[in-house]
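The following report describes how secondary-structure elements pair and pack in the model shown below.

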2 protein chains.
Amino acid sequence: MKKFQVVGIGNAMVDVLTRADEEFLSEAGIGKGIMQLIDMDRAVDLYSRIGPAREVSGGSAANTIAGIAALGGRTAYVGKVKDDQLGAIFAHDLRAQGAVYETSFAPKDAAQETGRCIVIVTPDGERSMNTYLGVTEFLQPSDIDPKMMADAEWIYLEGYRFDGPDSHAAFAKAINACKGHGGRVSLTLSDPFCVERHRDAFRLMIREDVDLLFSNRAELMSMYRTEDFEVALAAAAKEVDIIACTDSENGAHILSGGQRWHAPAIPTQIEDATGAGDLFAGAFLWGMTNGHALDVCGRMGCVAASEVISHLGARPEKDLLALFARHGLL
Amino acid sequence: MKKFQVVGIGNAMVDVLTRADEEFLSEAGIGKGIMQLIDMDRAVDLYSRIGPAREVSGGSAANTIAGIAALGGRTAYVGKVKDDQLGAIFAHDLRAQGAVYETSFAPKDAAQETGRCIVIVTPDGERSMNTYLGVTEFLQPSDIDPKMMADAEWIYLEGYRFDGPDSHAAFAKAINACKGHGGRVSLTLSDPFCVERHRDAFRLMIREDVDLLFSNRAELMSMYRTEDFEVALAAAAKEVDIIACTDSENGAHILSGGQRWHAPAIPTQIEDATGAGDLFAGAFLWGMTNGHALDVCGRMGCVAASEVISHLGARPEKDLLALFARHGLL
């Protein structure tokens, strides 16, 4: 048995959650429902304009790993924070959830701070993310411990992390160490605009290394440059062993080995959509590494996603195992 | 018209909110339902033992001021934070709520950090508070701007702040400036153990300066060293113009000028009791400085308290004015 079921690599950051209406988004020039990268000046300006907020550990792959850890899975996480108060909060929350997190903290005199994401939640529950990457941008090959990757059944790579000069090489190092020891590679496309920025790099990795691809409808269509979702699904299925594609209120589509399954969405009152895809991936990976059939993994993903969108914050608050049982998945 | 309806002075801190069961409290040696002061070592140890948490601005008087500001009241707050990330969060959240907060930040090289309170919420909704004061302990007379106090209809003093060597003198300076310009003084007893620690100082201030005393049942009985609540109420009413005493599920008792009113509690599902007394005081002061009768102010206090205990965190999330209207108080 390998030490880790899943090791995640991504942007380590703390979410700054606040509520505002659509008018605020347009006044502040914030694109709705997407992730936009901002610099420190913009972060300071935006922070001065939002209402009272609360701080919760976030980061896409970190949310996924926290979800798997909350389910009792054996996990580790790699992502860079600084030795500052927000970095300590991020590290605490992952470890307290049971994940291994042995980061090399960026030193106190580093020019950047721990990354943060100002998440504006509109009354419809949609989240618009404004990401100041900070030190997490500088994840590099030396941050990757090959032994940890070799000890992973799966590694989980966050597409957002393609937004960093040295992270492609870091991903390559992780992939080599993982695959060299019989592990497998999963990737999430993260965001349609992220796909726009890095389509070629994504494509290369998908064709050569990825065994399991997570995406949503918009990301997959952007990836394969088509307006036809079915064309995108078919194209992806030709290149990757397993496709797990979320589709909002239509649930999720799982494709593998010429077969296809549909997992229905679980109706819920959407408080804050942040983390839906992250928790879908977490539950899916937990299910798969615990021997569940792919269609069951898809259903677990939808249950976990519905839990996380029912409250503010992108990490689970309820007992996911109990929810799986209640839905007849265990 | 004075610039401020209420200026609050208290311990500035960020709450670290987490859930745990009673067993955790006893294993960790935490007194249930009370505020205990801890040092930095204990704070670090305790933080390493709690589960994932979320960070929300807190501080008793700051919650009160945030509540008044959320109602549209003209407020300011005085309390010390450091120029660090948690200090920036605290300052942002008060200002974003509309309160004036012109603190002299403790410098980056100060020995202590911004204060924080590790709040453990048990399944019954009760909160057990573990307070690392940090720089807020060192509030001193030079932090008090007499002009701000002179510009206040009311100042609101937090009993917890008696736990600091120079704060008694700071309170005296604030009281003199406020009363010297026709303002009035309110005080909250904060916590029964706080009353134990500072009974004589409280007593002196109550007799000489306090026009409005906030407390709960346990604090008032501790203050007047009696097991008989009615005796305590009568003793307090002899010394202070207005008494507003909360009594958990029994609501609140208001006494003034030989009259007495009872405000019923608003039944609600208690998620997190943190901030109940703070928001009671905030709504009461807002009501009073907007010309409402004392019994109405008491009812407003109970409505605001019921809102804040219905969710995690000690500052209001719903529209309090709308809630007052729904209860026929506006």
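Predicted model: local features only at pLDDT ≥ 70, side-chain atom pairs only at ≥ 80, totals over all residues.

## Strand pairing in the chain B sheet

Strands β11 (residues 242-246) and β12 (residues 252-256) of chain B pair in the antiparallel sense over 5 bridges. Within this pair, B:C245 has B:H253 of β12(B) as its bridge partner. Two strands count as paired if DSSP finds at least two bridges between them. Residues are numbered from 1 along each chain as its sequence is written, and chains are lettered from A and ligands numbered from 1 in the order in which they are written.

The sheet of chain B is open and has 8 strands in the order β5-β1-β8-β9-β10-β11-β12-β13, with mixed pairing. Its edge strands, β5 (75-78) and β13 (259-263) of chain B, each pair on one side only. On average, neighbouring strands of this sheet are turned by 15 degrees against each other, direction ignored. Helix α3(B) packs on the sheet and touches β1 (4-9), β5, β8 (152-158) and β9 (184-188) of chain B. The direction of α3(B) makes about 160 degrees with that of β1(B); axes are lines fitted to C-alpha atoms, for helices over the stretch in contact, and angles run from 0 to 180 degrees between N-to-C directions.

## Helices α3 and α10 of chain B

Two packed helices are described by the angle between their axes and the distance between the axes. For α3 (residues 60-70) and α10 (residues 276-289) of chain B, the angle is about 40 degrees and the axes lie 8 Å apart. The pair α3(B) and α10(B) is therefore oblique; angles under 35 degrees count as roughly parallel, over 145 as roughly antiparallel, 65 to 115 as roughly perpendicular and the rest as oblique. The crossing of α3(B) past α10(B) is right-handed, a term used if the near helix is turned clockwise from the far one by less than a right angle.

On the α3(B) side, the contact involves B:S60, B:N63, B:T64, B:G67 and B:I68. These meet residues of α10(B), among them B:D278, B:L285 and B:W286. Residues are in contact if their C-beta atoms, placed from the backbone, lie within 7 Å. By class, the contact of α3(B) with α10(B) has 6 nonpolar, 5 polar and 1 charged residues; Ala, Val, Leu, Ile, Met, Phe, Trp, Tyr, Cys and Pro count as nonpolar, Asp, Glu, Lys and Arg as charged, and the others, Gly among them, as polar.

## Contact between the chains

In the contact between the two chains, 19 residues of chain B touch 19 residues of chain A. On the chain B side, β4 (54-57) and α4 (85-96) are the elements that give two or more residues. Helix α4(B) gives the most, with 6 residues. The chain B side divides into 8 nonpolar, 6 polar and 5 charged residues.

## Chain A: overall form and sheet

Chain A contains 12 helices and 13 strands. Its C-alpha atoms fill a box of roughly 50 × 40 × 40 Å along the principal axes. A compact globule of 330 residues would have a radius of gyration near 20 Å, and the 18 Å of chain A agrees with this. The radius of gyration is taken over C-alpha atoms, and the globule rule is 2.2 Å times the number of residues to the power 0.38.

Chain A has an open sheet of 8 strands in the order β5-β1-β8-β9-β10-β11-β12-β13, and the pairing is mixed. At the edges stand β5 (75-78) and β13 (259-263) of chain A, each with a single partner strand, so one side of each has no neighbour in the sheet. Strands β1 (residues 4-9) and β8 (residues 152-158) of chain A pair in the parallel sense over 5 bridges, and A:I9 stands opposite A:L157 in β8(A). Helix α11 (residues 294-308) of chain A packs on the sheet, touching β11 (242-246), β12 (252-256) and β13, and its direction makes about 25 degrees with that of β13(A).

## Helix packing in chain A

Helices α3 (residues 60-70) and α10 (residues 276-289) of chain A pack at about 45 degrees, with their axes 8 Å apart. The crossing of α3(A) and α10(A) is right-handed.

The axes of α10(A) and α11(A) come within 7 Å and cross at roughly 145 degrees. Helix α10(A) also passes α11(A) in a right-handed crossing. Residues of this contact include A:F280 and A:F284 of α10(A) and A:V296 and A:V308 of α11(A). The contact of α10(A) with α11(A) comprises 15 nonpolar, 4 polar and no charged residues.

Methods:
Helix = DSSP H or I, 4+ residues; strand = E, 2+ residues; numbered from the N terminus.
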